[in-house]
Amino acid sequence: MKKMLSRRQMLQEAATGFGAVALGAILAQDRAQAAGEGARERFYDLRPKQPHFPAKAKNVIFIYIGGGPSTIDMWDPKPGLLKYDGKPAPFEIKGRALNGSQQIMASPWPFTRSAQTGRNVSNLLPHFQKVVDRVTFVRSMTTDRIDHSTAQFTFVTGRGFTGFPSLGSWVGYALGTENQNLPAFIALGEGATIGARAHSSAWLPPLFNGTSMRADAGAPIYNIQRPENINVNQQAKLLDMIKQLDREQKAPYPLDQDLESRIANYELAARMQLEALKVADLSSESDATKALYQLDEKGSGGFSKQCLLARRLVESGVRFVQIYGGGGWDTHNNIEGQLPGLCHYIDRGMSALITDLEQRGLFEDTLLVCSGEFGRLPTIEAKNSKPGRDHNPYGFSLWMTGAGVKTGFDYGDTDELGYACLPEYKLGHSDIHATVQHLLGIDYKRNTYPYEGRDESLVGINPARVVKEILS
Amino acid sequence: MLKRFGIHTLSLSLLAGSAFAQRAPLFKDEILPILNKSCNQCHNENQKMAGLDLSTFSGVMAGGTNGPVIAPGKPERSLLWQMIESDKMPMGGKLSNADKQAIKAYIEQGRFPKEQMDAAEAAREAARITPEARQWWSFQRPVKKALAGVPGDAALRAHIDAFVEAKLKEKHWRLSPEAGKVMLLRRAYFDLTGLPPTPAEVTAFLNDKAADAYEKVIDRLLASPRYGEHWGRHWLDVAGYSDSRGDAGDSDREVSWKYRDYVIQAFNKNKPINRFLLEQMAGDQLVNWDPKKRPTAEQVEAITATGFLRTTADITDNQTIYEVDKYFDALQKSLETSMNSVLGLTVGCARCHDHKFDPILQKDYYRLTAIYQAVFDPENWLAANLKYGPWPSRTVLDMDPQEREAWIKDVTSTGYKAVRRMEDLLEATYQRYRAELKAGRDLPEARRLQLRKDIENDPDLDVDYKVAKDFLSDTEMEKRYPELLMWKNEIAEKRKMRKGESSVKPNMIEAAWDVSKTPSPTYVLLRGNYLAPGAEVKAGIPTVLENPAKPLVFDDPKKHPEWNHTGRRLTLAQWLVSPEHPLTARVFVNRVWQFHFGEGIVRSVDDFGTQGSKPTHPELLDYLAVSFQEQGWDLKWLTKEIMLSRTYRQSSAEIAERMNADPSNKLLWRKAPLRLEAETIRDSMLKVSGLLHDQMYGPPEAIKRGADGQWMEEDKKSNPNRRSMYLQQGRTRPVTFLHAFDMPEMTADKQSQRFRSALPIQSLAMMNSPLVMRTTKAFAQQLLERTGGDMDKAVNLAFEEAYSRSPRPAELAIAKQAIAGEPDAKEGLRLFLQAMMGANDFLYSY
């Protein structure tokens, strides 16, 4: 009851001034799914929430490279590959597909050692070589799934199957978001085999669903753009008419809050229209920034735009941004022909993003994570044509940097071939989910939602720990 | 099963050399010290972590919350061994090899008297399924007990009101007065058909002064084909219907729509709900269909109904060797979703261990699994996406034998397969080229050649023919890269030689049926892990619902040579709809109530267990459930009684005091306003603007990506103006407009109760969507045509169409101003109509 009154008070406040913005936050309510004695009413909104404990990070950019990037060819070189190049592996390599082999293949590209931390990054990633000292690698990642769809589900939802909310949804659910004129969770680009389910809220309220956004200044969000044949004045008039009609029609229901928030939502939508179009308009960026990202560069401009947009979004107070690393990473064949283009696609953008976030001091608040759902094997697949590499869930690496994370640190390792992680360092997706939430001030065990008679969480019953070793 | 999944038991023979090769270790002297040393800090009499006490022999025998820990003679089936062998236990350490071998030998050779094991298990179950647990309200058979003062033979509607009023009386409240006629009529139309009434229908109702005017409307609407569509859509939410499979590429279910049509027809025909449930759970067995034969005309309907068991996501694709867990997932999803829909219990919790809150044992879960395993048999799997066989597949060919044979021959011929493979490769090539161009990479000839080779060599090649071509059209691509066109022509040529796809048109039904009369055995999966099978279990129902005096018997199919199936699902389904069943009818009538009132009498409509809500009106729920059964599970009758009750007919007006005391209307002191569902909003927009096309049934209408990337109606090749339930519903491609208004994606496999969220993306959809633009344009055009261009009349008519009433003076003033302010009056009218659609009176049923 108390809750209802405060809600109403806020609605009254909302009629004027700033309240109108906060009002739009009263977006969803869910009575029925509430379990427990009687109907416990629960209201959801996107207003900022107190974390469980002081947070190191306020927002997250997650670069998700769906398809299985070959980390041993990118930023995790293994000396054993040179040693055994062309020879059979000294121990059994368990592949997945039927035309795998036991023959080791060294990385076809040279690596360059970085100045400060002395870490080797492939020459396919010349820009990343320059910023690699900034990032922390987790070199002992594993996953228990070997197919794309199941592994991708696992990596974002904690379960190997469709039907569970993704990391960004859980974060929005726990923390809300700073900017009430934009969604809490935004997904940029494409590339996950599982499509929009990689940013779905599943059974969490729709409020926490990842909103698809495109780095397109004209139409960044569905239905955000005013139709061509309607001018600004007409749209203003439309909104004014709806408001007048709604006021008239609401008269018999003075206490109804759903109806009230629907009225306010038009104002919010109008603000969102301005805000989203503004944030998606990259042209206002300085020349220096544009030079950094090289937005028109062939083969990488599309991704760089998404990276720049991600920065603008967190700067505007969006809680969680997920960027997809494009398609084509599933290099079963002809890795030599394919990987250069793929690396080129992401190299400039992600490196510029690191530099940009750092220069603007945004790493104070922003955590940046980059990973695929698994890596690739050290052995050759498709021996008879141009060789590629099969999926490797037993050992791969990801990197993180920014708020709350050490700089230039390496955690864990794999065996000399980069095949399996060393057991004492073994980490899985749930450890990453626990750690990311921890950095945001969320206790991953307490961030729960009642579903089908259980208090569900992102981590669930999976074993998990916060990887304290990488925290700053 | 074990053999196929590569769980070899060979390691057992490696005991040679161990001290225990010759004799069993002694519990007290040799085993207990190990347990004391390493396990009993946590698993002792007092602490009993995971319900397990390992400090005594009887404790070891009794097991814990994860079930028994010892399977005599079978270490590999014993949780105790599994945990220590994998070093998962002891926590933070591990046993020495010698200790491990001792325990293993003990499990293998130790003496575990059967009676004692059975007694231990019985005791463990008794501890879970206590007499109190059995007393849970929803496990008791509902009793029909009229309130004093209401004659037993009074119509159900009178009893409904009496129960509701009795509760209100405790607060000294009464039912709200009856809603005005227009409000009531709109409410009835939206509730029964998902569409608003026409002005003529409103007028007719207002002019009908007969006492039964409202009742006649209800009768007429119940007889309308629109009723089956709207209520069918409700059930499809409960069943988790989707036109896609939920696999990696979210491929289409080719003939899922047949199940959708079955549901619509069932509601329109008023098929008794017990029969409706029976058919969906076990239609194939009900009609004893022989999967080797073409279903007879009478069998087709019942077989189509089993599409119910196929709605859940199924990501099996037979592409890799890592499939087995996907088999189990598909099996379990179907089991959990259907049990949840019909039984109203969340059995899924017992997949890994005894249910934490409800008295459902892990064993119960796997007994239910055994029932479904005859359809979803991991040993004999029918993959999901085998459109072209091999047969038998889960798509039943409803064709006469000759045609069937000819079709199979055609589509499985080498030549045909080659053409299809070429098509796949070509489509993948378009997609890969597009992806490259989109990423800004050049496509010189050498690169294209290499890409094509890569595609050909890709073992994961998974072609999605639905991918948007918004970046570059096929024609544009063909202009740039001539090989595509050459290739396309080659395929066309090859096809022509084969005279099209096949001379035969296939007729398929996606159905669930027992793959064999002797399915593989079912095991309790320890901690839900399919690699850790425990004790074997037989088909059965949850223990707590079993009548100890008369346990449900699943007959051995061997005793019934005439059966073409195991009979397991039929036995289950018949039990579910039996008169003494405590849950099924209650769960169903509660859903019906929820679709009318927005909330159920039990608000957690999917959970009647201990974690669910208790009924706000338990006696009413029981009265409804029993009456419904007595009336032959007649849904139209039940619906009419509910809608004729004064409870339903109440006004939605607010009463401040009650809004404060009972804001969520638990006591039903009014009929709360409800935001309309996504489909109803879109369908109403089409209807009032004169665009709605009421063609029923058939394959879904295609959707496409719009200019800003949103999913919307495809208007060139298909009909964009049909009801929303006929638009294609993919798990990853929800129509953006509908999705904004909470149409589920079915990522969670079902959504029995819609969210009714208020989100700004809904406002954006009403401001800017192509749908609102085209419907308002047609609406304005149509109004002006009908009124001969008279703006005042047009505005009046707009209100009658959209709101079923005349404009209020203030509204009229807004309209006038809008129209006068625009240089083009028609555009002014359109803009005003858009405001009308965006306003609350269009979006709510009051």
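A nonpolar core is a set of buried Ala, Val, Leu, Ile, Met, Phe, Trp, Tyr and Cys residues joined through C-beta atoms within 7 Å. A residue is buried if 20 or more other C-beta atoms lie within 10 Å of its own, exposed if 12 or fewer, and partly exposed in between, with C-beta atoms placed from the backbone. The legends below describe a predicted model, in which local features need pLDDT of at least 70 and side-chain atom pairs count only at pLDDT 80 or more, while totals for chains, interfaces and linings use all residues. Residues are numbered from 1 along each chain as its sequence is written, and chains are lettered from A and ligands numbered from 1 in the order in which they are written.

**Figure 1. The largest nonpolar core.** The largest nonpolar core has 330 residues. Those with the most contacts inside this core are A:L188, A:A310, A:V321, A:L367, A:V369, B:F832 and B:M836. Helix α12(A) gives the most to the core, with eleven residues; helices (H or I, at least four residues) and strands (E, at least two) are DSSP runs, numbered from the N terminus. Residue B:M836 touches A:L245, B:A798, B:A802 and B:F842, not counting residues up to four places away in sequence. Here and below, two residues are in contact if their C-beta atoms, placed from the backbone, lie within 7 Å.

**Figure 2. The contact of chain A with chain B.** Chain A brings 91 residues to the contact and chain B brings 85 residues. On the side of chain A that touches chain B, at least two residues each come from β1 (26-30), α6 (148-157), α8 (232-250), α9 (257-280), α11 (301-315) and α12 (335-359) of chain A. Of these elements, α8(A) gives the most, with twelve residues. By class, this side of chain A has 36 nonpolar, 35 polar and 20 charged residues. In this classification Ala, Val, Leu, Ile, Met, Phe, Trp, Tyr, Cys and Pro count as nonpolar, Asp, Glu, Lys and Arg as charged, and the others, Gly among them, as polar.

**Figure 3. Packing of α8(A) with α9(A).** The axes of the two helices, α8(A) and α9(A), come within 10 Å and cross at roughly 170 degrees. This makes α8(A) roughly antiparallel to α9(A). Axes are lines fitted to C-alpha atoms, for helices over the stretch in contact, and angles run from 0 to 180 degrees between N-to-C directions. Angles under 35 degrees count as roughly parallel, over 145 as roughly antiparallel, 65 to 115 as roughly perpendicular and the rest as oblique. From α8(A), the residues in the contact are A:L239, A:I242, A:K243, A:D246 and A:K250, and from α9(A) they are A:L259, A:I263, A:Y266 and A:A270. The residues of this contact comprise six nonpolar, no polar and three charged.

**Figure 4. The domains of chain A.** Chain A is divided into domain 1 (47-217 + 291-470) and domain 2 (219-280), with domain bounds that come from an automatic or database domain assignment. The centres of domain 1 and domain 2 of chain A, taken over C-alpha atoms, are separated by 37 Å. Twelve residues of domain 1 of chain A are in contact with ten residues of domain 2 of chain A. On the domain 1 side, β9 (211-213) and α11 of chain A each supply at least two residues, and α11(A) provides the largest share, three residues. That side of domain 1 has six nonpolar, three polar and three charged residues.

**Figure 5. Packing of α12(B) with α14(B).** Helix α12 (residues 256-269) and helix α14 (residues 297-305) of chain B pack at an angle of about 105 degrees, with their axes 8 Å apart. The two helices, α12(B) and α14(B), are therefore roughly perpendicular to each other. B:K258, B:Y259 and B:Y262 in α12(B) meet B:E301, B:T304 and B:A305 in α14(B). Three nonpolar, one polar and two charged residues make up this contact.

**Figure 6. The surroundings of α22(B).** Helix α22 (residues 568-576) of chain B is mostly covered, as seven of its nine residues are buried. The buried residues are B:R568, B:R569, B:L570, B:T571, B:L572, B:A573 and B:L576. They pack against α13 (273-286), α15 (324-343), α16 (362-373) and α23 (584-597) of chain B.

**Figure 7. The loop residue B:F112.** B:F112 lies in the loop between α4 (97-109) and α5 (114-128) of chain B. The residue B:F112 is partly exposed, with 17 other C-beta atoms within 10 Å. Leaving aside neighbours within four places in sequence, B:F112 is in contact with B:M61, B:I70, B:P72 and B:M117. The C-alpha atoms of B:F112 and B:G73, 39 residues apart along the chain, are separated by 9.1 Å.
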